[in-house]
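Subject: Structure handover

Hello,

Please find the structure below. Notes on what was found in it follow.

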Amino acid sequence: MPISKYSANIQNLIDKAKGGKDLHREDIIKLLKIPADFSPYLFAAADRVRHEQVGDEIYLRGIIEFSNYCERNCLYCGLRKSNSSLSRYRMSEDEIIATAKKIKQTGVPTVVLQSGEDSFYSQDIVCRLIERIRKETDLIITLSIGERALNDYKAFQQAGANRYLLKHETASRELYKYLRPGSDWENRLQCLRSLKHLGFETGTGNMVGLPGQTPEILADDLLVMKLLDADMLGIGPFIAHPGTPLAGLENDDLEITLRVLAVARLLTRNTNIPATTALATLHPQGRLQALQAGANVVMPDFTPEIYKSRYDIYPGRKDVGEASEIISHLERDFQTIGRTMLYSVGNRPIENYNGIRH
Ligand code: 5AD
Ligand code: SF4
């Protein structure tokens with residue numbers, strides 16, 4: 001095919017996606033494989049859809065990483081239980097509440113409670129935490145504490161949790177089985193369906209740049225996000241951790257992560273998509289580029305300094321320092337691309353682009 005016809009073809013596909021046409025698996029694969037000179041066109045389309053669907057303001061979520069204990073042994077993650085060189089911590093209930101209050105004082109409306117899979121925090125403990133945070137701060141609560149029994153999810157919701165993040169990590173069953181020994185992809189998907197069914201605003205997502213990953217697998221990741229009708233999508237690059245079996249695997253591919261993010265915006269329209277810390281870690285401009293390729297959320301880390309560096313999922317994590325300083329720094333960065341922060345709740349808009357009410 002002559003180059004110009006090929007170009008017209010790709011541009012046409014991006015234009016249709018921008019206009020809301022559903023993308024088939026083959027279309028998605030095509031977009032993930034386009035030559036680099038088309039990327040600005042793809043990113044601009046995603047940026048436009050982001051503007052139309054969720055506006056120009058950047059939503060804020062404050063994270064508390066309250067425990068770095070994990071009972072799993074994922075090959076890619078520094079918190080894996082076999083990583084004996086990691087100094088483990090659990091924040092007390094009072095420390096967590098005090099940190100939530102700090103988030104509230106900063107004007108950030110949502111707290112994300114994140115940890116490894118740590119059964120020390122029983123259903124009762126988590127529910128008490130949720131109730132106290134609701135009572136003492138009135139923050140919107142997002143949990144990110146892994147796979148739990150349905151009964152736990154129900155209790156968390158009754159206690160007042162509003163949102164739940166559980167990345168599916170990869171749509172490839174084989175890769176998942178290899179990377180997460182002893183865990184089951186179907187079970188994770190079932191958790192996600194249950195969360196959605198219970199009425200949580202539900203987040204999923206993947207890592208980009210995993211060993212053995214192909215554009216086809218990434219297209220399936222995007223279809224999982226779409227089919228689940230997920231409300232939030234965490235898309236971040238894999239960054240090798242020296243204390244894991246995947247040590248030394250290079251991944252400097254910012255471009256493909258941004259492409260997955262841009263296609264996610266085109267495909268899912270009004271979802272909330274963070275510019276992840278992993279993107280900022282991979283590249284100094286990673287976060288700002290993501291915010292110009294479909295992302296609309298940032299999640300500053302409020303974990304107290306004494307613990308922060310021990311939440312060592314991957315090395316070189318950006319965002320060390322006081323959260324309020326990080327926020328002012330981000331605010332200045334955002335001004336350079338003509339965007340401001342939104343200090344309000346930032347739910348996913350009630351109608352999705354098909355006009356289906358949730
Ligand atoms: N690189 C990037 N992201 C990672 N995560 C875990 N390990 C890594 C890594 N090496 C992400 C996973 C998981 C969350 C705890 O952090 O997506 O959901
Ligand atoms: Fe634990 Fe999650 Fe890390 Fe796996 S990815 S080891 S479940 S914290």
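The residues near ligand 1 (a heavy atom within 4 Å of it) are Tyr76, Cys77, Lys167, Glu169, Met207, Pro237, Phe238, Ile239, Ile313 and Tyr314. This is a predicted model, in which local features need pLDDT of at least 70 and side-chain atom pairs pLDDT 80 or more, while totals for chains, interfaces and linings use all residues. Residues are numbered from 1 along each chain as its sequence is written, chains are lettered from A and ligands numbered from 1 in the order written, and side-chain values use heavy atoms, without hydrogens and water.

By class, the shell of ligand 1 holds eight nonpolar, no polar and two charged residues. Here Ala, Val, Leu, Ile, Met, Phe, Trp, Tyr, Cys and Pro count as nonpolar, Asp, Glu, Lys and Arg as charged, and the others, Gly among them, as polar.

For Lys167, a polar side-chain atom lies 3.1 Å from an oxygen atom of the ligand. A nitrogen atom of ligand 1 is 2.8 Å from a polar backbone atom of Tyr76. Taken alone, ligand 1 exposes 400 Å², and the protein buries 85% of that (Shrake-Rupley method, 1.4 Å probe).

Ligand 2 is surrounded by Cys70, Arg72, Cys74, Tyr76, Cys77, Leu79, Arg80, Gly116 and Arg180. Its shell divides into five nonpolar, one polar and three charged residues.

Strand S1 (residues 58-60) pairs with S9 in the parallel sense over two bridges; pairing requires at least two bridges found by DSSP. In this pair, Tyr59 stands opposite Leu342 of S9.

Regards

Definitions and conventions: Polar contact = N/O pair within 3.5 Å; in protein donor to acceptor, adjacent residues only side chain to side chain. Helix = DSSP H or I, 4+ residues; strand = E, 2+ residues; numbered from the N terminus.
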